[in-house]
Amino acid sequence: MNFDELQQKIKDFNKERDWDKYHNSKDLILALMSEVGELAEIYKWLNKSEVEEIQTNPEKKKLIEEELADIFNYIIVLSYKLDIDLLKVTQDKLEKNKLKYPTDKIKGIHSNFIQGIKGN
Ligand SMILES: [Mg+2]
(Lines give C-alpha, C1' and ligand atoms only; values in the text may rest on other atoms or scores of the structure.)
Protein backbone atom coordinates (compact mmCIF):
# COMPACT_ATOMS: atom_id res chain seq x y z
CA MET A 1 0.00 0.00 0.00
CA ASN A 2 1.36 3.43 -0.86
CA PHE A 3 0.75 6.65 1.05
CA ASP A 4 -2.12 7.87 -1.15
CA GLU A 5 -3.93 4.55 -0.74
CA LEU A 6 -3.47 4.66 3.02
CA GLN A 7 -4.69 8.26 3.17
CA GLN A 8 -7.77 7.32 1.13
CA LYS A 9 -8.52 4.38 3.44
CA ILE A 10 -8.37 6.73 6.43
CA LYS A 11 -10.64 9.24 4.66
CA ASP A 12 -13.11 6.46 3.85
CA PHE A 13 -12.99 5.16 7.42
CA ASN A 14 -13.84 8.58 8.83
CA LYS A 15 -16.47 9.34 6.19
CA GLU A 16 -18.25 6.03 6.79
CA ARG A 17 -18.53 6.93 10.49
CA ASP A 18 -19.46 10.55 9.84
CA TRP A 19 -16.51 11.68 11.94
CA ASP A 20 -15.30 14.41 9.61
CA LYS A 21 -17.51 16.88 11.44
CA TYR A 22 -15.35 16.41 14.54
CA HIS A 23 -12.05 16.78 12.74
CA ASN A 24 -11.18 20.43 13.08
CA SER A 25 -7.49 21.21 13.41
CA LYS A 26 -7.68 22.11 17.12
CA ASP A 27 -9.34 18.84 18.11
CA LEU A 28 -7.09 16.81 15.82
CA ILE A 29 -4.03 18.32 17.48
CA LEU A 30 -5.45 17.52 20.91
CA ALA A 31 -6.19 13.96 19.80
CA LEU A 32 -2.68 13.67 18.39
CA MET A 33 -1.20 14.88 21.67
CA SER A 34 -3.33 12.35 23.55
CA GLU A 35 -1.95 9.56 21.41
CA VAL A 36 1.62 10.80 21.97
CA GLY A 37 0.79 10.72 25.69
CA GLU A 38 -0.36 7.11 25.36
CA LEU A 39 2.97 6.25 23.75
CA ALA A 40 4.85 8.10 26.50
CA GLU A 41 2.84 6.20 29.11
CA ILE A 42 4.42 2.95 27.92
CA TYR A 43 7.89 4.38 28.67
CA LYS A 44 7.05 6.33 31.79
CA TRP A 45 9.35 5.62 34.76
CA LEU A 46 11.32 2.91 32.99
CA ASN A 47 15.04 2.82 33.69
CA LYS A 48 17.62 2.49 30.92
CA SER A 49 17.70 -1.31 30.90
CA GLU A 50 13.90 -1.51 30.95
CA VAL A 51 13.77 0.83 27.95
CA GLU A 52 16.19 -1.42 26.09
CA GLU A 53 14.23 -4.50 27.11
CA ILE A 54 10.92 -3.09 25.89
CA GLN A 55 12.06 -3.49 22.31
CA THR A 56 12.37 -7.25 22.72
CA ASN A 57 9.08 -7.67 24.55
CA PRO A 58 6.44 -8.62 21.94
CA GLU A 59 3.52 -7.40 24.06
CA LYS A 60 5.13 -4.02 24.72
CA LYS A 61 6.21 -3.73 21.10
CA LYS A 62 2.63 -4.33 20.00
CA LEU A 63 1.45 -1.52 22.28
CA ILE A 64 4.10 0.80 20.81
CA GLU A 65 3.09 -0.17 17.28
CA GLU A 66 -0.54 0.62 17.97
CA GLU A 67 0.22 4.02 19.50
CA LEU A 68 2.51 4.88 16.59
CA ALA A 69 -0.30 3.94 14.23
CA ASP A 70 -2.73 6.17 16.15
CA ILE A 71 -0.23 9.04 15.99
CA PHE A 72 0.38 8.53 12.28
CA ASN A 73 -3.36 8.36 11.64
CA TYR A 74 -3.97 11.74 13.27
CA ILE A 75 -1.01 13.30 11.47
CA ILE A 76 -2.44 12.10 8.17
CA VAL A 77 -5.95 13.38 8.96
CA LEU A 78 -4.61 16.72 10.15
CA SER A 79 -2.54 17.11 6.99
CA TYR A 80 -5.39 16.42 4.58
CA LYS A 81 -7.79 18.57 6.58
CA LEU A 82 -5.29 21.44 6.31
CA ASP A 83 -4.71 20.63 2.62
CA ILE A 84 -1.04 19.92 3.28
CA ASP A 85 0.92 17.51 1.12
CA LEU A 86 2.58 15.63 3.97
CA LEU A 87 5.11 13.82 1.80
CA LYS A 88 6.17 17.02 0.05
CA VAL A 89 6.52 19.13 3.20
CA THR A 90 8.41 16.33 4.95
CA GLN A 91 10.82 16.06 2.04
CA ASP A 92 11.16 19.86 1.94
CA LYS A 93 11.88 19.95 5.67
CA LEU A 94 14.49 17.21 5.31
CA GLU A 95 16.26 19.27 2.64
CA LYS A 96 16.09 22.33 4.90
CA ASN A 97 17.55 20.29 7.78
CA LYS A 98 20.38 19.05 5.57
CA LEU A 99 21.43 22.67 5.12
CA LYS A 100 20.83 23.51 8.78
CA TYR A 101 22.79 20.50 10.05
CA PRO A 102 25.62 19.90 7.58
CA THR A 103 27.33 16.56 8.18
CA ASP A 104 30.81 18.10 8.14
CA LYS A 105 29.89 20.19 11.20
CA ILE A 106 27.39 18.11 13.15
CA LYS A 107 28.05 14.44 12.46
CA GLY A 108 27.98 12.52 15.75
CA ILE A 109 26.99 15.59 17.76
CA HIS A 110 23.48 16.16 19.05
CA SER A 111 22.03 19.36 17.65
CA ASN A 112 21.36 20.70 21.17
CA PHE A 113 25.11 20.89 21.70
CA ILE A 114 25.78 23.06 18.68
CA GLN A 115 25.88 26.74 19.62
CA GLY A 116 24.22 29.15 17.31
CA ILE A 117 21.75 26.65 15.86
CA LYS A 118 18.28 27.72 16.80
CA GLY A 119 14.75 27.38 15.52
CA ASN A 120 12.62 24.47 14.49
MG1 LIG B 1 -3.94 5.06 21.23
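Domain bounds here come from an automatic or database domain assignment. On that basis the protein is divided into domain 1, residues 3-84, and domain 2, residues 85-120. This is a predicted model, in which local features need pLDDT of at least 70, side-chain atom pairs count only at pLDDT 80 or more, and totals for chains, interfaces and linings use all residues. Residues are numbered from 1 along each chain as its sequence is written.

Let me start with the two domains. Their centres, taken over C-alpha atoms, are separated by 24 Å. At the boundary, 4 residues of domain 1 are in contact with 4 residues of domain 2, where contact means that the C-beta atoms, placed from the backbone, lie within 7 Å. On the domain 1 side, the touching residues are 3 nonpolar, 1 polar and no charged. In that count Ala, Val, Leu, Ile, Met, Phe, Trp, Tyr, Cys and Pro are nonpolar, Asp, Glu, Lys and Arg are charged, and the others, Gly among them, are polar.

Next, the overall form. There are 6 helices and 0 strands; helices are DSSP runs of H or I with at least four residues, strands are runs of E with at least two, and numbering goes from the N terminus. The radius of gyration is 18 Å, whereas a compact globule of 120 residues would have one near 14 Å. That radius is taken over C-alpha atoms, and the globule rule is 2.2 Å times the number of residues to the power 0.38. Along the principal axes, the C-alpha atoms fill a box of roughly 50 × 35 × 30 Å.

How much of the protein is buried? Buried residues make up 2% of the 120 residues. Buried means 20 or more other C-beta atoms within 10 Å of the residue's own, exposed means 12 or fewer, and partly exposed is in between, with C-beta atoms placed from the backbone. Of the contacts with a separation of 6 or more, 69% are between residues 24 or more positions apart.

Now some individual helices. Helix α1, residues 3-16, reaches 20 Å from first to last C-alpha, close to the 20 Å expected; the expected span is 1.5 Å times one less than the number of residues. None of the 14 residues of α1 is buried. Just after α1, Asp18 has a positive phi of about 55°.

Just after α4, Asp83 takes a positive phi of about 55°.

Last, Glu38, in helix α2, residues 25-43. Glu38 counts as partly exposed because it has 15 C-beta neighbours inside 10 Å. Its C-alpha lies 12 Å from that of Ala69, 31 residues apart along the chain.

Notes:
Two residues are in contact if their C-beta atoms, placed from the backbone, lie within 7 Å.
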